[in-house]
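Reader: I would like to learn how to read a single-chain model, feature by feature. Please take the general idea first and the case at hand second.

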Amino acid sequence: QVQLVESGGGLVQPGGSLRLSCAASGFTFSYYAMNWYRQAPGKERELVAGISSSGSITNYADSVKGRFTISRDNAKNTVYLQMNSLKPEDTAVYYCNRARGGAWGQGTQVTVSS
């Protein structure tokens, strides 16, 4: 079955960086565009970044453009989210998923606070 395991979250000070990873299994990873999402307390889940199946096309929410970078390694069935210049408003649980949707992983908590 489809499994998505996010990792790499933690507590970081404003201006800091984190790199999130999402290990995928149960489907042919290289066939699918992948997205990163986040959900802050009391808010709807929102799309943060997306990457095409080959990795050649990426897109970002305006709120993270220029600070976050999505990438993927199809040989490792893993998608990454490099987050730089983090702000308190980036605090959320971060999830990855196939762009077409499907089962969700447990997410990884990112907290930006001094």
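Reader: With which side chain does the side chain of Arg 67 make a polar contact?

Author: A note before the reply: the model is predicted. A polar contact is read from pairs of N or O atoms within 3.5 Å. Here the side chain of Arg 67 makes such a contact with the side chain of Asp 90, at 2.8 Å.

Reader: Is Arg 67 buried or exposed?

Author: The cut-off for buried is under 20% relative accessible area. Arg 67 has 10%, so the residue counts as buried. Arg 67 sits in the loop between strand S6 (58-60) and S7. Beyond its neighbours within four places in sequence, Arg 67 is in contact with residues including Gln 82, Met 83, Asn 84 and Asp 90.

Reader: How do strands S7 and S8 pair, and over how many bridges?

Author: Pairing is read from the bridges between two strands. S7 (residues 68-73) and S8 are antiparallel, with 6 bridges. Ile 70, for instance, has Leu 81 in S8 as its bridge partner. The two strands form a hairpin with 4 residues between them, and Asn 77 in the turn has a positive phi of about 50 degrees.

Reader: Which strand is joined to S8 by 6 antiparallel bridges and covers residues 18-25?

Author: That is strand S3. One of the pairs is Leu 18 with Met 83 in S8.

Reader: Why is S8 described as largely enclosed by the rest of the structure?

Author: In a regular strand, side chains alternate between the two faces of the sheet. In S8 (residues 78-83), 5 of the 6 residues are buried, so the strand is largely enclosed by the rest of the structure.

Reader: Where is Thr 108 found?

Author: Thr 108 belongs to strand S10, which covers residues 108-112. Its relative accessibility is 9%, so Thr 108 counts as buried. A polar atom of its side chain lies 3.0 Å from the backbone nitrogen of Gly 9. Leaving out neighbours within four places in sequence, its contacts include Glu 6, Leu 20, Ala 92 and Tyr 94.

Reader: How many helices and strands does the chain have?

Author: There are 0 helices and 10 strands. Of the 114 residues, 40% count as buried.

Reader: What does the radius of gyration say about the chain?

Author: A compact globule of 114 residues would have a radius near 13 Å; the chain has 13 Å, so the two agree. The C-alpha trace spans about 40 × 25 × 25 Å along its principal axes.

Conventions: Residues numbered from 1 in each chain as written. Predicted model: local features only at pLDDT ≥ 70, side-chain atom pairs only at ≥ 80, totals over all residues. Heavy atoms only, no water. Buried < 20%, exposed > 50% of the residue type's maximum accessible area, 1.4 Å probe, protein only. Polar contact = N/O pair within 3.5 Å; in protein donor to acceptor, adjacent residues only side chain to side chain. Contact = heavy atoms within 4.5 Å. Rg over C-alpha atoms; globule rule 2.2 N^0.38 Å.
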